[in-house]
Amino acid sequence: MRREVIRHPGLNLGPAHGEANEAAQTMLFGFWVFLMSDAILFGMVFASYVTSVHATAGGPGPHDLYDIKSVFIETLLLLTSSFTFGLASLTLKYKHSQSRLIAWLAVTLLLGIGFLGFEVHDLLSMIAKGGAPSRSGFLSAFFDLVPLHGLHVTAGCIWLICLVGQMARYGLDTKVKLGILRLALFWHFLDIVWIAIFSVVYLAGLT
Amino acid sequence: MSLATIFQPALGRLGLDSLPFWAMVQHPTEANVINGCIATGAASIVVIGLIVTVALITKYHKWGVLWSEWLTSPDHKKIGIMYVVIALVMLARALMEAWLMRAQQAFGLGGGFLSPDHFAQLFSTHGTIMIFFMAMPFLTGLINYVMPQQIGARDVSFPVLNSISLGLTAAGAALVMISLVIGTFSTGGWFGYPPYTEANFSPGVGPDYWIWALSLAGLGSTLTGINFAVTIYKERAPGMKLLHMPLFTWTALCTSILMIFAMPPLTVATAQLALDRYLGFHFFTNALGGNMMHFANLFWLFGHPEVYILILPAFGVYSEVISTFSTKALFGYRSMVMATMAIAILSFTVWLHHFFTMGQSANINAAFGIASMLIGIPTGVKIYDWMWTMFRGRVRFTVPMVYSIAFIFLFVLGGMSGILLANPSIDYQVHNTVFLVAHFHNVAVPGVLFGMLAGYHFWFPKAFGFRLNERWGLISAWCWIFGFMLAFFPLYALGIMGLPRRTVAYSQPSYVPLEIVAFIGAFLIIAALTALVIQLWVSVKHRNENRVFAGDPWDGRSLEWANSAPPPEYNFAVIPVVNGRDAFTMAKENGTAYRQPDRYVDIKMSKNSALGPVVAAIGFALAFGLVWHIWWLVILCFFAAVAAMIVRGFARDTTKIVSAQEVRQEHRRWLDAVADANAVSHADETKSVNQGRAAQVPAGAVP
């Protein structure tokens, strides 16, 4: 039993672990593998961006377009949302009440939506300043990378709402728990990708 | 995208001029009529084939069976069979295109009969289909069918995801098929290099068909790779260590890992090309900072691992076939495993050799040239291992074995020409000539295709419960072998004589004799395909004389032979315990095979799910809408796709129980059949006396 617990530090699937844990192991391992594949996807888009950063074709460059203040707020929002998701995971693990779990998830969702709001605002103001994706190779690559991350966050938000919906319908059953565990991985993964975007795109772009 | 484009007419770009005979009716010049007739004939084959299929299913009232037993089934065995069916249908189409191209080139001195545009569509679809819709579904189908049984599992880790992957691949294949009937396919080759495939130079629907067909298939393959890798890591029978796995499973693992890592660059390349074409981005355009070299790098970063995704499972099949039909354990198992892994890793280090002539410095070319040559080392190890496996074995020349031996001879030649091409200075001389075409067909046909066909003959009795006709199989195999040699060896010479690849017509009379030889080869290959069809027909007709229900027609070595043919849905009544390589051979030698267990337990299996076919339908309609700019359809399908995923998330009742009683009954029926079956010697295994139980030879005796 002790070994089972060690194998599953993040999980609380029921009093007798056993079979449910085996299934969870496969499911979570599969999701890790998917994230690896997704990481390659981001890697390729990063490569595209890095090799296109000087292809501004006489159009506006990073200094003309990036608004570091707004991006910094986005970063704080997303990092905080990762922290609140961590609290949701802890609530799940230590069997606190479902309402507390939902509350933390809701805070996470709001922070995620806030992040998206700032990002959309940023992108629109870039376009207003003449930085539309069809302007240059650099802007094409930028608008491939940053909104790709944004789309991932959007998908994560929809997934989160669906999980809360499932919880309302079925309570905290194994499938919902597994869903929360996977969404947590996804959410933290997007956080890490954002840190890379913040450093490579914004900080490096503005130096 | 402006609002005006969104509110275009409901049919987007679709119009009467999208039909293949429209140009010929409007402007009946001789060239238009010939090309129009060929295109219309091809379209008719698709339409008539579809109508006949629908009519037959309706006539025999099989819609219900098709839906509940096949399309919605999460059973890896049925999904595997459906993949192979897609592969064979697409193989037939791409072979006819190949024949047409050889015909055009045979008569190509000063013109020929096809228009350049039509010829360009032929080589683009031929390549796209052979890679993405023939080889990929074929190997995915074989792995799906065989791998879970080889590791003693009941199914893959994510059965419904498996069905979704199949749906995505099928949608891509359907898109390529419908491009024959409505509109035209890309003329940009199977790798669709921009800027030619950008909107400026190819404003039509061709590149869009190519982009979305590849996107669907690529997504399907990514999910398949994840599914297979997780299955192999997590679902092995108790006691089966990684180094106990059959070699086919090893190659399946390496291929899956390659799919997981190599498909994303393709997804990015096609998505960026789509952004360029649809929304005016500048990734690969000539102007405004676009750079087509990014596409070349991304595409071949996928494209090179892709060729190992294709070849590794074939290597796995050869390993199983050669060891089984030499009646020996595989020689150098560990070296085989290490060679497979080495090839998988090296495959990521050589992509640049696909464009040595596109402007890198000599040092970069040299580094990639050396890396490319290195791949010859592990491949050489494998060739020696197969030969040593046969050495002093009692080799039986069955159909799969004929393919395997032909592979060893021909693949070595293809590999040699690969080593030549890996040298940048030689590549500069022969790049973009048919020498290259000869090289990659020399590795793809005897390597991948022969492997897939060997696997088809080897495992067919397991899947359907009866053996394929041996005589027609041999006829087909020899037609393939000689057809291949006649069709492609002349291209080496033609390439050195300077014939560029993808040439629709030429003015050099000295090319003609070799082109005629290649054309004769194309006829032999069509004969090989015909023989395959006849073989299937004859085998189905005489199936009752060739039943092998006992399940082990070839004296097999791994666990997929340790159940009935066809196996029950759950594969094994009792999950076998493994403690070494060649688990079934070991069990037969110890006398632990075919044992009745003390008790049976209930088995939990996945329930059928409509998600696979639903995703296929949505994926196809979405892609079709994107190709023709039918925006309402695109939006509708997008929301339908999201809704389908959300609804699936709310599904709870997704498993069913097969009762112990049922399992016991089925297992008993099989064990009785095994007890009643003749124990057949190797000499008689291709005769109807073979009922699927192999006679065991006492240790040390000559079999």
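Let's start with two helices in chain A of this predicted model: α6, residues 137-170, and α7, residues 174-206, whose axes come within 10 Å and cross at roughly 160°. Angles over 145 degrees count as roughly antiparallel, so that is what we call α6(A) relative to α7(A). As for handedness, α6(A) and α7(A) make a left-handed crossing. And what kinds of residues form the contact of α6(A) with α7(A)? There are 20 nonpolar ones, along with five polar and one charged.

Now, on to the cavities. Searching the whole structure turns up five of them at 30 Å³ or more, and I'd like to walk you through two.

The largest cavity holds about 70 Å³ of space. If you want to find it on your screens, go to chain B and look for its lining, which includes Tyr83(B), Phe132(B), Thr169(B) and Met263(B). Which helices each supply at least two residues of that lining? Those are α6 (116-150) and α8 (206-234) of chain B, and α8(B) gives the largest share, with five residues.

Methods:
Residues numbered from 1 in each chain as written. Chains lettered and ligands numbered in written order. Predicted model: local features only at pLDDT ≥ 70, side-chain atom pairs only at ≥ 80, totals over all residues. Heavy atoms only, no water. Axes fitted to C-alpha atoms, helices over the stretch in contact; angles between N-to-C directions. Helix = DSSP H or I, 4+ residues; strand = E, 2+ residues; numbered from the N terminus. Parallel < 35°, antiparallel > 145°, perpendicular 65-115°, else oblique. Left-handed = near helix turned anticlockwise from the far one by under 90°. Nonpolar A, V, L, I, M, F, W, Y, C, P; charged D, E, K, R; others polar. 1 Å grid on protein atoms, 1.4 Å probe; cavity = no way out; pocket = protein on both sides within 12 Å on 5 of 7 lines; lining within 4 Å. Points joined across faces, edges and corners; volume = space filled by probe spheres on them.
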